[in-house]
Number of protein chains: 2
Amino acid sequence: MKSAGGRLLAGLELDRAAAQPLHQQLYAQLRTQILTGTLPTGTRLPSTRTLVTELGVSRITVVSAFEQLTAEGFLRSRAGDGTYVDTLWSDAAPQRPMSRPPLSERGAATSSRGTDLFSEAPHVWAPAETESFVASQVASSAFPAATWKRLLGRHAGRTDPLAIGYSDPHGHRPLREAIADYVNDVRGLGCTADQIVVTSGAQQAFNVLAVLLLDAGDPVVVEDPGHISGRLAFQSQGCPVRGVPVDNEGAVLPDEHDGAPPARLACLTPARHHPLGIAMSPARRAEWIAWAQRNGSWIVEDDCDSELRYRGKLLPTLFGLDLSRQVITVGSFSKVLAPSIRLGYCVLPEDLVEPFASASSVIGRPPAMVLQLALTDFLAEGHLHSHLRRTRRLYAARQDALLDAIDQQMSHRVQAGPVDAGLHVMGWLREPVDDIEVARGLAAGGVYTYPLGEYKLTRQLPPALLIGFAGTAAEHMPQAVGRMAAAWDRWERTTAGS
Amino acid sequence: MKSAGGRLLAGLELDRAAAQPLHQQLYAQLRTQILTGTLPTGTRLPSTRTLVTELGVSRITVVSAFEQLTAEGFLRSRAGDGTYVDTLWSDAAPQRPMSRPPLSERGAATSSRGTDLFSEAPHVWAPAETESFVASQVASSAFPAATWKRLLGRHAGRTDPLAIGYSDPHGHRPLREAIADYVNDVRGLGCTADQIVVTSGAQQAFNVLAVLLLDAGDPVVVEDPGHISGRLAFQSQGCPVRGVPVDNEGAVLPDEHDGAPPARLACLTPARHHPLGIAMSPARRAEWIAWAQRNGSWIVEDDCDSELRYRGKLLPTLFGLDLSRQVITVGSFSKVLAPSIRLGYCVLPEDLVEPFASASSVIGRPPAMVLQLALTDFLAEGHLHSHLRRTRRLYAARQDALLDAIDQQMSHRVQAGPVDAGLHVMGWLREPVDDIEVARGLAAGGVYTYPLGEYKLTRQLPPALLIGFAGTAAEHMPQAVGRMAAAWDRWERTTAGS
């Protein structure tokens with residue numbers, strides 16, 4: 001019979017200063033010794049008395065650890081014969097990561113770019129030392145904090161089942177009504193509240209639509225360059241993506257004579273191409289709808305930035321132009337209000353509403369109820385309209401300030417022109433350098449932008465940076481751009497020297 | 001040259017009482033006539049003057065609609081020759097849903113059960129007229145509303161970038177620390193904050209894990225009967241599920257000699273089998289861990305209801321017992337706090353943390369920041385511990401009251417015994433009737449339960465209802481059960497008569 005006095009005692013280290021009680025430490029360390037095979041089956045443990053003396057702990061500490069280990073099948077007591085390592089755990093295969101499975105193919109692809117992309121900017125930063133020109137950043141100073149706090153507070157203390165329990169998978173009915181009013185008013189969508197399903201932002205909607213409409217392997221058309229997260233959503237659902245280029249009228253139709261099976265879905269940004277900022281022409285809209293009908297395909301219309309328009313008329317949505325019910329429009333309150341509230345919606349043909357709501361419940365369930373309740377009041381009381389009026393003016397001024405500052409301080413680096421809508425301008429680089437390297441170099445200097453190179457699928461693109469203007473005050477813009485110019489100079493010196 | 005005076009005018013119906021302005025109504029109706037082919041290419045429209053007269057509207061109304069239609073490519077003006085339907089839209093394929101694509105296979109499967117399941121109870125109900133024994137319902141009266149409201153209010157008015165912008169894809173760092181402390185304390189998981197990723201509840205975690213670890217077609221083992229939403233998550237990701245039965249020691253291992261390729265992942269509820277309530281034995285835990293190692297498979301441990309334990313010791317998690325880093329534990333605050341807050345977490349082996357966080361950002365992004373900030377304080381200030389102590393006592397009393405009431409009023413219908421943990425008892429039906437029919441009959445009478453039949457995959461199970469006790473006050477229990485008995489009697493008379 002093996003005995004384990006020395007080996008066991010040598011491996012035990014109890015820390016009297018730790019928050020974890022001593023009996024739990026003893027329990028955990030003995031358990032690990034058994035699981036790793038350090039204490040094999042049948043090993044006889046030292047007596048309670050020995051352990052008390054050797055470890056300098058109380059008897060109750062040892063007994064308590066032994067009892068738990070015995071209850072869990074690690075130890076076995078024989079009457080009058082001490083305590084032994086039981087067969088249960090020590091006879092199991094030795095625990096080594098020898099056969100550890102890899103990630104799935106799509107999981108490896110989805111996660112290969114790491115979490116940097118989604119962080120969009122440092123999560124905690126010192127504004128004194130950094131500048132963010134991140135494209136999707138909103139003006140946090142303009143966030144209607146007092147109103148939002150008041151509306152959240154109105155519902156935060158509710159304990160009725162509606163506010164507490166699992167909620168309607170379609171979203172809160174009054175919120176669906178308020179969203180329908182809003183999109184009909186602002187976007188002329190011509191939909192009813194029954195066609196709205198509330199989501200946790202646009203990203204969740206892309207995933208639900210992928211599950212609902214696509215099987216693994218079904219090809220998807222995306223814009224190239226295009227919306228990164230949207231593309232990743234379809235790829236993560238096992239669907240290969242094919243890029244189509246973007247010209248002055250918006251996304252170009254795919255070649256239908258290349259022998260490849262037609263895509264089952266196209267994901268488009270007609271209101272304002274992301275990231276280039278082009279509004280899709282009426283002719284191109286007609287062509288895409290005809291394409292969907294001809295091929296029996298779906299169109300997902302990401303209506304991003306449609307409300308944040310500074311000049312020019314909005315063209316009708318694909319959803320409104322399509323009578324064959326093959327278009328689904330996705331919207332989000334991330335940019336018109338704030339990314340952190342994680343609320344969006346889908347506008348669906350009537351017969352897709354129930355399937356979407358069920359699939360949505362499987363993928364992620366509806367957003368937290370207190371947020372839905374607060375947003376309902378925010379919309380119904382007209383706060384979003386006044387907030388949009390205010391931020392449109394604010395962002396137009398910030399864009400002007402950015403373009404002025406670039407013109408004065410950085411025209412030798414980038415060429416940038418005004419955009420009609422959205423939160424960023426394209427800064428086309430004057431030199432043929434790698435824009436991803438530039439963005440990294442600027443970030444190392446505390447200045448955050450997005451490189452156009454990140455948005456490409458296969459296409460070669462001239463180098464450019466997306467320079468967001470919404471998050472920086474107009475009066476601070478010259479200084480912010482000055483920091484960008486300085487960071488660029490520093491980076492250039494570093495790379496020249498290396 | 002075709003002219004369209006009569007046809008066009010006959011089809012127009014302007015509603016002066018509608019909220020939509022007249023020029024928008026005229027625009028929309030003309031657009032539809034062109035899109036549907038009612039007004040074909042080249043059709044000459046009546047003059048502005050004619051329309052003003054015939055429709056009884058102002059000139060500006062007609063001009064405004066014409067201008068918009070012209071800008072969008074629906075109409076074309078010829079100088080001195082009137083206005084015609086342009087070729088752009090009317091030459092496109094006639095818009096009919098002739099080639100409308102079907103749902104994907106997995107989408108059809110995922111959405112086939114409709115939204116009823118996920119609603120879990122009527123969203124808006126009159127407590128005076130209905131009773132809910134829904135299994136996952138919490139005691140809304142016990143929700144710490146004042147504290148929660150105070151904590152939400154503390155952060156709701158913040159406008160700093162941390163509170164407003166896109167947030168850390170891993171979750172708010174202090175919340176990860178608070179969750180690590182909590183699971184180490186309550187569950188002895190032995191993890192660090194670096195191993196925690198915050199999710200929007202357990203359901204989102206299942207989806208992310210499916211994308212991360214499984215490709216379409218990879219087989220998954222689930223418990224039969226078992227957690228419905230968990231199974232649907234894997235199915236919605238294109239993974240076939242195989243059920244394993246559940247005996248008195250928990251889920252039984254799959255047959256490894258049937259020639260089928262081993263499952264790449266098993267999704268288990270060891271703390272308390274859902275819905276049967278069995279705690280997995282130490283021996284079975286050891287077998288599952290050996291299974292995962294032998295086959296190179298993952299185990300997803302859904303640790304549901306582990307904190308809501310009324311008697312007996314909690315056994316260690318599979319996560320804590322597994323040294324080969326093949327187990328991922330999923331947790332949620334839906335039942336310990338409230339489903340409506342949509343917050344949960346995943347505890348991962350170190351090297352899965354970054355891939356999980358990236359995939360999580362693709363599937364659904366982290367939860368709303370104000371909720372993360374409030375939950376951080378709720379945990380760090382010790383409110384969850386006192387809430388758990390309070391609700392454990394409350395739920396134990398409600399369970400006793402339910403069993404007493406069943407014993408006195410319904411023992412001829414169901415046989416129910418006490419459970420050590422969780423929010424529902426199993427009510428085994430005395431008669432061999434279809435439990436799904438019974439649950440529907442009771443729901444029609446305003447009494448909500450879940451039938452065990454909904455939880456089965458292929459296995460034949462004796463009929464039973466899951467009867468939740470957490471949402472009903474102990475003193476109200478006799479009356480609530482009385483209503484169930486009465487609804488059952490009514491349903492039985494109805495079916496007997498039909």
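Colleague: What should I know about the model and its numbering?

Modeller: It is a predicted model, where local features need pLDDT of at least 70 and side-chain atom pairs count only at pLDDT 80 or more, while totals for chains, interfaces and linings use all residues. Residues are numbered from 1 along each chain as its sequence is written, chains are lettered from A and ligands numbered from 1 in the order in which they are written, and side-chain values use heavy atoms, with hydrogens and water left out.

Colleague: How do I read the size of an interface?

Modeller: It is often given as the accessible area lost when the parts come together. Here buried area is taken with a 1.4 Å probe and summed over both parts. Chain B and chain A bury about 9,900 Å² between them. Carbon and sulfur atoms carry 61% of it.

Colleague: Which three residues of chain B supply more of its buried area than any other three?

Modeller: Arg100(B), Tyr166(B) and Val362(B), with 8% of the area that chain B buries against chain A.

Colleague: How many residues are in contact across the two chains?

Modeller: Contact means heavy atoms within 4.5 Å. By that rule, 125 residues of chain B meet 124 residues of chain A.

Colleague: How many salt bridges and polar contacts are there between the chains?

Modeller: A salt bridge is a side-chain nitrogen of Lys or Arg within 4 Å of a carboxyl oxygen of Asp or Glu. The count here is zero. A polar contact is a pair of N or O atoms within 3.5 Å; within protein, one must be able to donate a hydrogen and the other to accept it, and residues adjacent in sequence count only if both atoms are side-chain atoms. There are 36 such residue pairs between chain B and chain A, both at pLDDT 80 or more.

Colleague: How are the two copies related?

Modeller: Superpose them by least squares on C-alpha atoms of residues with pLDDT of at least 70 in both. A rotation of 180 degrees, with 0.0 Å of shift along its axis, brings chain B onto chain A at RMSD 0.1 Å. The two copies are thus related as by a two-fold rotation axis. The same surface serves both: 99% of the contact residues of chain B recur in chain A.

Colleague: And how do I read a sheet?

Modeller: Strands pair through backbone hydrogen bonds, either parallel or antiparallel. Strands are DSSP runs of at least two residues, numbered from the N terminus, and two strands pair if DSSP finds at least two bridges between them. In chain A, four strands form an open antiparallel sheet in the order E13-E14-E17-E16.

Methods:
Buried area is the accessible area (1.4 Å probe) that two parts lose on being put together, summed over both.
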